[in-house]
Amino acid sequence: MPTRISCEVRDESPVTLVRLAGALDLATMRTVHTVLDRCLSAQPDALVVDLSEVDVADRLALSVFAAAARRAADWPAVPVVLCAPPPDTAAWLAATTACRVVPVRPDCAEATALAGASAAPRLRARLEPVAGACRRARELVADACGRWTIPELVGPASLVLTELVGNVVRHAGTPMQVTVTLRWPYLQVAVTDGSRAAARAATGSDLRAEGGRGLLLVRELAQRWGSAPTGDGKVVWAMLPAN
C-alpha cells in the first residue's frame, strides 16, 4: 500500500511555514520536493519546514531538504530551516552529511527567528500591466541599489527589469509582482505574473518571432536567468554580478 504525506502551506509573511504530516520515503519525497519548490518560487523572505508529525520511513528521503536548501541558496536566495523533528529524525539529520547544509531548530518559534534573521535584503512592488509599469520598476531598482550601495548596477538592472516587466505588459497582460534581492555577490531581479506561458528567448532560427528579443538582452546582461511555474502563473528571474 503506497504511503501518503500531507503538506500544509501557511503564509506567515514574511516567512512561509510548511507543515508536513505522514510518512516520508523515496516515493512521498517527490510530493515534498514539488511543494517546497513552489513555495520557494513565490520568493518568501524565508521558509520553515515543520517536521513534528513526520515519520521518516527511509532516511535517504531526508535529502529532499538538502536539495531544496541548496537550490534556495542560489535562487531565490531564501533561507530554509527545519524545526521540531522527532528524536530519530533529528539524529539522522545530524548524521547525514548532505543534510548538514540545513539548519535544524527544536521548535517553530526558534526556527522562524533564525530564518528571519538570515533573510536577504529584498524589495517588492505590485504593478498593473500598464505603460507606467516599466518606469515604476526602474524606480524600484534605483531605490534598491541606493539602499545597498551598488550604484553601478542601476543601469544594467534597470534594463533587465524593464524587459521582464515589458514582456508581462505586452504578452501576459496580468498584474505582477516585482522583486529585487541582494544576495551577495549577485543582485537578483524577478517578475511574477499570472500567465503560465514559459518565457523563451528568441534564437537565430526564429528572428521573425513576435516576442523573445528582449530576453536576448536579459541573457547578455545577466549571469543567469530562468523561468519557473508558481501558483497560477510563472516567475522570470535574472542574476546580475554585484562586483
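This is a predicted model: local features need pLDDT of at least 70, side-chain atom pairs count only at pLDDT 80 or more; totals for chains, interfaces and linings use all residues.
The protein chain contains seven helices and ten strands. Its radius of gyration is 19 Å, close to the 18 Å that the globule rule gives for 243 residues, so the chain is as compact as a globular protein of that length. Taken along the principal axes, the C-alpha atoms fill a box of roughly 55 × 40 × 30 Å. Of the 243 residues, 47% are buried. Among contacts in the chain with a separation of 6 or more, 66% are between residues 24 or more positions apart.

A helix pair comes next. Helix 1 covers residues 29-41 and helix 2 covers residues 63-74; their axes come within 10 Å and cross at roughly 20°. Angles under 35 degrees count as roughly parallel, and helix 1 is therefore roughly parallel to helix 2. The crossing of helix 1 past helix 2 is right-handed. On the side of helix 1, the residues that meet helix 2 are Met29, Val32, His33, Leu36, Asp37, Leu40 and Ser41. Their counterparts in helix 2 are Ser63, Val64, Phe65, Ala68, Arg71 and Ala72. Sorted by class, this contact has eight nonpolar, three polar and two charged residues.

Alanine 111 belongs to helix 4, which spans residues 108-117. Its relative accessibility is 0%, and because buried means under 20%, alanine 111 counts as buried. Apart from residues up to four places away in sequence, alanine 111 touches Val48, Val81, Leu82, Cys83 and Arg105.

Threonine 192 is part of a strand, namely strand 8, residues 186-193. Is threonine 192 buried or exposed? With a relative accessibility of 18%, threonine 192 counts as buried, since the cut-off for that class is under 20%. When neighbours within four places in sequence are left aside, the contacts of threonine 192 are with Gln43, Pro175, Met176, Gln177, Thr230, Lys234 and Val235.

Conventions:
Residues are numbered from 1 along each chain as its sequence is written. Side-chain values use heavy atoms; hydrogens and water are left out. Axes are lines fitted to C-alpha atoms, for helices over the stretch in contact, and angles run from 0 to 180 degrees between N-to-C directions. Helices (H or I, at least four residues) and strands (E, at least two) are DSSP runs, numbered from the N terminus. Angles under 35 degrees count as roughly parallel, over 145 as roughly antiparallel, 65 to 115 as roughly perpendicular and the rest as oblique. A crossing is left-handed if the near helix is turned anticlockwise from the far one by less than a right angle, and right-handed if clockwise. Contact means heavy atoms within 4.5 Å. Ala, Val, Leu, Ile, Met, Phe, Trp, Tyr, Cys and Pro count as nonpolar, Asp, Glu, Lys and Arg as charged, and the others, Gly among them, as polar. Buried means under 20% relative accessible area, exposed over 50%, partly exposed in between (1.4 Å probe, protein chains only). The radius of gyration is taken over C-alpha atoms; the globule rule is 2.2 Å times the number of residues to the power 0.38.
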